[in-house]
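This report covers aromatic ring contacts. The sequence and structure come before the account.

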Amino acid sequence: MSDTNGGSAPQAAAGAAEQPVMPKLQILGQFVRDLSFENIAAQKAVSAQVQPDIQVQVALDARKREAEDQYDVIMKLKIESKTREDTPQSIFLLELEYGGIFKVEHVSPEQMHPFLLIECPRMLFPFVRRIVSDVTRDGGYPPLGLDTIDFLALYRQQLAQRAAPQKADA
């Protein structure tokens, strides 16, 4: 009897070697680094019974930790609510810095920066959304449900902003 698998075993081993290793992402910890909620309407007796104009600013930061394959990713939100009048008045200001400690493996060095600033914030966002909702509700307002943030578009926008001064200098 002949072995019909003899020719396919080396091919299977070669096929396994060709398959790329998938990135591995693990959240080791999450934390509120800084939280501030200023209820301006209550302090200054501003009527907040109108449909507010809400502006959300998002910034991201990432840095390598001393431990191997570990990174800190910080999402910074500034949410400002104002009345919709000719002279808008502030209703509230919420500032939140929320961080995650991530273990990232099997990501090439050239792909690490986008990975940290796109994939990691996607993992943190549901927790940030919950905190914002709870804080605005506890502050005496309807819970603010943040719209989903497109972190890929945000990353591309930040790259374009960084490239603009370099083009102007050239």
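## Charge over a ring

A charge sits over a ring if NZ of Lys or CZ of Arg is within 6 Å of the ring centre and within 35 degrees of the ring normal. Lysine 64 has its charged end over the ring of tyrosine 71, 5.1 Å from the ring centre.

## Basis of the values

This is a predicted model, in which local features need pLDDT of at least 70 and side-chain atom pairs count only at pLDDT 80 or more, while totals for chains, interfaces and linings use all residues. Residues are numbered from 1 along each chain as its sequence is written, and side-chain values use heavy atoms, with hydrogens and water left out.

## Aromatic pairs

Four aromatic pairs are present in the structure. Rings of Phe, Tyr and Trp (its six-membered ring) pair if their centres lie within 6.5 Å; planes under 30 degrees apart count as stacked, over 60 as edge-to-face and the rest as tilted.

Phenylalanine 37 and phenylalanine 92 make a tilted pair, 5.4 Å centre to centre with 35 degrees between the planes. The former lies in strand 1 (residues 24-38) and the latter in strand 4 (residues 90-105), so this pair ties together parts 55 residues apart in sequence. Strands are DSSP runs of E, at least two residues, and helices runs of H or I, at least four, numbered from the N terminus. Phenylalanine 37 is partly exposed, at 25% relative accessible area, whereas phenylalanine 92 is buried at 4%. Buried means under 20%, exposed over 50% and partly exposed in between (1.4 Å probe, protein chains only).

Phenylalanine 125 and phenylalanine 151 are paired edge-to-face, at 6.1 Å and 70 degrees. Both are buried. Ring pairs also link Phe37, Phe92 and Tyr141 into a cluster.
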